[in-house]
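Work through the exercises below with the sequence and the 3D structure at hand. Each task is followed by its solution in steps.

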Amino acid sequence: MGLDFSIVPSFAGPLLLGALWTVLLTVVSAVLSFLGGIALAVIALYGPWAIRLPARFIAWLFMGTPLLLQLFLIYFGLVQIGIDLPAFVAGVIGLGLHYAVYNSELIQTAILAVDRGQMEAARTLGLSRPQALVRVVVPQAVRAVVPPIGNNMIALLKDSALVSVIGVAELTLAAQLAIGRTYRAFEFYAAAAVLYYVINLGMEAVLRRIERRIRLSR
Amino acid sequence: MTQTPFVEIRHAQKSYGTLEVLRDVNLTVNRGEIVAIIGPSGSGKSTLLRAINDLDPLSAGEVLLEGVQVNKTLPPRAYEAHINEMRQHIGMVFQHFNLFPHLTVRQNVTMAPKLLKRLGEAEANRLAEEQLAHVGMLERIDYYPSQLSGGQKQRVAIARALAMKPKLMLFDEATSALDPELVEEVNQVMKRLAEEHMTMIIVTHEMDFAASVCDRVIFMDGGVVVEEGPPSVVFRTPTQERTRNFLRKYLEGAK
């Protein structure tokens, strides 16, 4: 049995739909990981211990265990304690929190690297410490880590393939379904790889735009 | 009749571990007065200035603004509210400008008034335009700090402080980080403020500026006020040996 890519176009619909789900999954998880990363960073640095400890536990859990296991736990495990999440939601939570922890590490370092004079200038104007953090320090820290966070988001896109195991019909699962029907593994995995690559190019273009936009404001 | 002094520093003492930076400094500044604090580095002059708005809290002693103690001992929450209120009346300009790089010039100026005085968009914009015009920076209103020269940044920083309508302005070596050719534009703005009778306390290394603008010069060394008086006296006929030494070294350096 040689390779025959002529079969691929007849599955273009399901594959593109899968790609669309991958994009959606990635974008929603990326937003969660970004906002969650900021929140976790601020809590880790300035939160009272009553919130800092649970936040540290979440960080430990999501950094110290495999993402695949986390997805299983969220999707199959939580049902047992009465939390029945749709697969897509479970996927977003797993991917989002996993990468929120990584983003938080970056943002924490960046917050500590913001020049001390920035906080002083804000406090001198009469801003409270929380106001100064929200208006002055955190925005600068986030701008400083846009490139490495961008790298995390590209890793997130690739890890979104793991969500196929809990039954979200994203690109990898769409390819697997097509293979199940045709037994053409090479052709469909290759087609999926090309689509991932295209999505990746799109993401990189968006990230470059963001970086260009914040260039002056750094 | 004794009038409450505008700014009063009583028995200011500050130490870092065993290092005494300020030892029993007393200082009174009247409304509208322009005071220069000069002295060698490490003399405690910046520490004293930063104690006035409690940025560097004193170890002991009191700072009063119009009779109200700035560095009150209060429970944390009450202190926060108190100091944020007090600082709205005390503008400060830093050596390294400390403009907010992620905000435009306009946003740098309007942020605090919008946040703390609840100014609306239109009102805040009008305020920013007025203050920036005052320091000659109106045409750069929508630039980011990264697009400005040092002198321009410092002028914006002054406008940002003035937008809160402070009663008192503190200048912490405002021109020390500037290229020599940019010093004059900042000095001009400070002179203008002086003519408008803003009360100013200026830590500076520029003796010429201190002599021409200030009403009184304070010479500090080793954490104490060694000598104070009108610039004509302190600069021309200093009574203290340490002042003479300092001024001699300064003049030699200036040659």
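**Exercise 1.** State what the buried residues of H2(B) pack against.

Solution. Step 1: the buried residues of H2(B) are B:His82, B:Ile83, B:Asn84, B:Met86 and B:Arg87; buried means under 20% relative accessible area, exposed over 50%, partly exposed in between (1.4 Å probe, protein chains only). Step 2: they pack against helix H5 (116-124) of chain A together with strand S4 (60-65), strand S5 (68-69) and strand S6 (90-93) of chain B. Contact means heavy atoms within 4.5 Å; helices (H or I, at least four residues) and strands (E, at least two) are DSSP runs, numbered from the N terminus.

This is a predicted model, in which local features need pLDDT of at least 70 and side-chain atom pairs count only at pLDDT 80 or more, while totals for chains, interfaces and linings use all residues. Residues are numbered from 1 along each chain as its sequence is written, chains are lettered from A and ligands numbered from 1 in the order in which they are written, and side-chain values use heavy atoms, with hydrogens and water left out.

**Exercise 2.** Check the span of helix H2 (residues 76-87) of chain B.

Solution. Step 1: the expected span is 1.5 Å times one less than the number of residues. Step 2: for 12 residues this gives 16 Å. Step 3: the end C-alpha atoms are 16 Å apart, so the two values agree.

**Exercise 3.** Is B:Leu162 buried or exposed?

Solution. Step 1: B:Leu162 belongs to helix H5 (residues 150-162) of chain B. Step 2: its relative accessible area is 7%, so B:Leu162 is buried. Step 3: beyond four places away in sequence, B:Leu162 touches B:Gln131, B:Met169, B:Leu193 and B:Met198.
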